[in-house]
Amino acid sequence: MKKIVLTGYINVAAEQIDSIKSALPKHITLTLQEPGCLAFRVTQREHQPSIFEVYEEFVDKQAFEAHQKRVLSSSWGVISKDVGRHYVVKSVVKSVVKGVVKEFE
């Protein structure tokens, strides 16, 4: 089975930073509760406050696509519709050999 890993960042206009920061906790909580979500982190850069690092892991493409669909109609989707998104999405194969876990793109 291939899990989906998204990495990258969002670039938020200065006038939107406060609204993005106040909406993030709910967005993170809801995402972590989604079936198939393995990890979800959004972290503001200390020395570049308009940049928020994003890391997501989902068990498979179906779970990832369900997340994307939910976000479109959520309050987060409305609040963050104008932010610049810079993501890389990869499929990762997980292999366990003799108790050792290895991941491959």
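Reply: Gladly, and one caution comes before the rest, namely that this is a predicted model. Leaving aside residues up to four places away in sequence, S80 touches I20 and R85.

Me: With which side chain does the side chain of S80 make a polar contact?

Reply: The residues that S80 touches, not counting those up to four places away in sequence, are I20 and R85. A polar contact at 2.7 Å joins the side chain of S80 to the side chain of one of them, R85.

Me: Which elements make up the protein chain, and in what order do they run?

Reply: The protein chain contains three helices and five strands. Read from the N terminus on, these elements follow the order β-α-β-β-α-α-β-β.

Me: What share of the contacts with a separation of 6 or more comes from residues 24 or more positions apart?

Reply: The protein chain has 105 residues, of which 33% count as buried. Among the contacts with a separation of 6 or more, the share that comes from residues 24 or more positions apart is 66%.

Me: Which residues does K2 touch, not counting residues up to four places away in sequence?

Reply: K2 lies in strand β1. Although K2 and D60 are 58 residues apart along the chain, their C-alpha atoms are separated by 5.7 Å. Not counting residues up to four places away in sequence, K2 touches V59, D60, K61, S91, V92 and V93.

Me: How many salt bridges does the structure hold, and with which residue does E57 form one?

Reply: The structure holds five salt bridges. One of them is formed by E57, with its closest N and O atoms 2.9 Å from those of the partner, K3. This pair links distant parts of the chain, 54 residues apart, with E57 in strand β3 (residues 51–58) and its partner in strand β1 (residues 2–11), the partner being K3.

Me: Why do E57 and K3 count as buried?

Reply: A residue counts as buried when its relative accessible area is under 20%. E57 is buried because its relative accessible area is 13%. K3 likewise counts as buried, because its relative accessibility is 10%.

Me: Which parts of the chain does the pair of R70 and E34 tie together?

Reply: R70 forms a salt bridge with E34, in which the closest N and O atoms are 2.4 Å apart. R70 is partly exposed at a relative accessible area of 22%, whereas E34 is buried at 11%. Because the two residues are 36 residues apart in sequence, the pair ties together helix α2 (residues 61–72) and the loop between α1 (17–32) and β2 (37–44).

Me: With which side chain does the side chain of R70 make a polar contact?

Reply: Not counting residues up to four places away in sequence, R70 touches H27, L30, T31 and E34. The C-alpha atoms of R70 and L30, which are 40 residues apart along the chain, are separated by 9.7 Å. The polar contact of the R70 side chain, at 3.0 Å, is with the side chain of T31.

Me: In which helix do E65 and K61 both lie?

Reply: The side chains of E65 and K61 meet in a salt bridge, at 3.8 Å from N to O. E65 is partly exposed, with a relative accessible area of 43%, while K61 counts as exposed at 54%. The two are four residues apart, about one turn of the helix, and both lie in helix α2.

Me: How many aromatic pairs does a search of the whole structure find, and what is the angle between the planes of F58 and F64?

Reply: A search of the whole structure finds one aromatic pair. That pair is formed by F58 and F64 and is edge-to-face, with a distance of 5.8 Å centre to centre and an angle between the planes of 65°.

Me: Which ring does the charged end of R45 sit over?

Reply: The charged end of R45 is 5.6 Å from the centre of the ring it sits over, and that ring belongs to Y9.

Conventions: Residues are numbered from 1 along each chain as its sequence is written. This is a predicted model: local features need pLDDT of at least 70, side-chain atom pairs count only at pLDDT 80 or more; totals for chains, interfaces and linings use all residues. Side-chain values use heavy atoms; hydrogens and water are left out. Buried means under 20% relative accessible area, exposed over 50%, partly exposed in between (1.4 Å probe, protein chains only). Contact means heavy atoms within 4.5 Å. A salt bridge is a side-chain nitrogen of Lys or Arg within 4 Å of a carboxyl oxygen of Asp or Glu. Rings of Phe, Tyr and Trp (its six-membered ring) pair if their centres lie within 6.5 Å; planes under 30 degrees apart count as stacked, over 60 as edge-to-face and the rest as tilted. A charge sits over a ring if NZ of Lys or CZ of Arg is within 6 Å of the ring centre and within 35 degrees of the ring normal. A polar contact is a pair of N or O atoms within 3.5 Å; within protein, one must be able to donate a hydrogen and the other to accept it, and residues adjacent in sequence count only if both atoms are side-chain atoms.
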